[in-house]
Amino acid sequence: MIAYPRSIIELFGIEVPIIQAPMLGIVTPSMIVRVAEAGALGSLPLSNLSPEEARSTFSEIRRQTSKPINVNFLCHEAPERDPACEDAWVQCLAPYYAEFGLASDPSPPGVLVPAFGSAHCALLEEIKPEVVSFHFGLPSKHLLDRVRKAGAKMVSSATTVEEAEWLEEAGCDAIIAQGLEAGGHRGTFLHRDKVEAQVGTMALVPQILDAVKVPVIAAGGISDPRGVAAAFALGASAVQLGTAFLLCAEANVSSLYRQAVRAARPEQTLITNVFTGRPARVCSTRIVRELGPIATHVPAFPLAGAALAPLRAASEPHGRTDFMPLWCGQGCAPEPGTSSRRVDQMAVGTTQAALVAATQDTPANFDQALVEIRQARHWTSRRNGIPRV
Ligand SMILES: Cc1cc2nc3c(=O)[nH]c(=O)nc-3n(C[C@H](O)[C@H](O)[C@H](O)COP(=O)(O)O)c2cc1C
């Protein structure tokens, strides 16, 4: 028997249990507004923005929607500099620098993405988002206490049952079960050296669900209503989708990147560490094939990316994706459309799940299922242009 999920709709104050994944550099304010207005949860990554930029981006969104918003931070520890490793990385890249006529770059890499700290906390206390999600674990307890006091629900990604238990113990309100199919960085934080042992979404979601009491959000490889319905059948309370939004009109994705994602087959994506120093799933490109997928002399996250920047600048204007991090999951990216349309499409999967749940015999399941079905009817009517009754 399928247990109906613990409610995320109630926890986050949203209408449909779909989360547009935070995607650094790709999510735009207009994507979040469209997703939020369609009843789902839009996620705004803020790690790479200064407090001023973050404040103004958040206000721009707030002016256009009063719906709940998730803000997201990468939660890595500040990288330790390792000159020997950084030199080795520069040496690995030297032939490419020579090929593009670039001077080999001896300058120390800047930190492209600062770790979550007190300034971020102060920002959260000021802007008060409804949800805060972290990736790569959680910040220290005193920072976490400040986030909670600011009134936000807190979530983070787990890639193993042990990580999920750790996150629940640390006070997360919900856990994102990130399967190996997922695009972008692996959220892994307790088992970072075990890239080859990553677990798929289908195996991970029910096992995490059995181990924790908080709601579980399924992420990784879900890209159509069938995948959404399957995640709910496994017991997930919501789904978080990244790759499915990559080709949306509002995504800040270049035409080169779009072409690569459209052409990608699942077996052409790989988990690699060459772009940032942390494992992430991308569409395979030249540097992944030639130096990776897992290279040994890669500086710690996020330092590796700095030495690639000149190579990207030299190659991308010529239509070459050789050094481009084409973050992408194993699920195909649906054809272009608006982000609100994407939410409506995926909501069909929640309807299917609710119909299944409605056949369960416990009253709690039935009530929840009815709420879902009524919502789903609203989505269907809206999609077909029929006014809501
Ligand atoms: C392009 C891209 C960028 C991502 N950036 C982030 C990020 O900044 N923060 C984060 O928590 N997760 C990030 N992720 C991971 C997502 O949260 C999520 O785990 C993943 O997209 C789910 O798998 P899917 O892409 O198959 O839907 C990113 C994923 C993609 C595809």
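A: Let's begin where helix H3 and helix H5 cross: the crossing is right-handed. That word has a set meaning: a crossing is right-handed if the near helix is turned clockwise from the far one by less than a right angle, and left-handed if anticlockwise. Helix H3 covers residues 51-64 and helix H5 covers residues 118-127, with numbers counted from 1 along each chain as its sequence is written. Please keep in mind that this is a predicted model: local features need pLDDT of at least 70, side-chain atom pairs count only at pLDDT 80 or more, and totals for chains, interfaces and linings use all residues. The helix names come from DSSP runs numbered from the N terminus (helices are H or I, at least four residues; strands are E, at least two).

Two packed helices are described by the angle between their axes and the distance between the axes. For H3 and H5, the angle is about 25° and the axes are 11 Å apart. Axes here are lines fitted to C-alpha atoms, for helices over the stretch in contact, and angles run from 0 to 180 degrees between N-to-C directions. Now look at the residues that meet: H3 brings Pro51, Ala54, Arg55 and Phe58, while H5 brings Ala119, Leu123 and Ile127. Residues are in contact if their C-beta atoms, placed from the backbone, lie within 7 Å. Sorted by class, this contact has six nonpolar residues, no polar ones and one charged one. In this sorting, Ala, Val, Leu, Ile, Met, Phe, Trp, Tyr, Cys and Pro are nonpolar, Asp, Glu, Lys and Arg are charged, and the others, Gly among them, are polar.

Follow the chain from H5 and you reach Lys128, in the loop between H5 and strand S4. Lys128 has a positive phi of about 50°, although it is not a glycine.

Strand S4 belongs to an open sheet of eight strands, ordered S1-S9-S8-S6-S5-S4-S3-S2, with parallel pairing. Strands pair if DSSP finds at least two bridges between them. The edges of this sheet are strand S1 (18-20) and strand S2 (42-45), each pairing on one side only. On average, neighbouring strands of the sheet are turned by 25° against each other, direction ignored.

Helix H2 (residues 29-37) lies across S1, S2 and S3, and runs at about 155° to S2. H2 also meets helix H13 (residues 339-358): their axes come within 7 Å and cross at roughly 35°. This crossing is right-handed. The contact is made by Met31, Arg34, Val35 and Glu37 of H2 together with Ser339, Ser340 and Val343 of H13. Its make-up by class is three nonpolar, two polar and two charged residues.

Next, compare this with helix H4 (residues 83-99) and helix H12 (residues 304-315), whose axes come within 11 Å and cross at roughly 15°. The crossing of H4 and H12 is right-handed. H4 gives Trp89, Val90, Leu93 and Tyr96 to the contact, and H12 gives Ala304, Ala307 and Leu311. By class, the contact of H4 with H12 has seven nonpolar, no polar and no charged residues.

The bond from Phe301 to Pro302 is cis, with omega near -5°.

Finally, find the open sheet of three strands, in the order S7-S11-S10, with antiparallel pairing. Strand S7 (184-185) and strand S10 (269-272) stand at its edges with a single partner strand each, so one side of each is left without a neighbour in the sheet. S7 pairs with strand S11 (residues 280-283) in the antiparallel sense over two bridges.

Definitions and conventions:
Two residues are in contact if their C-beta atoms, placed from the backbone, lie within 7 Å.
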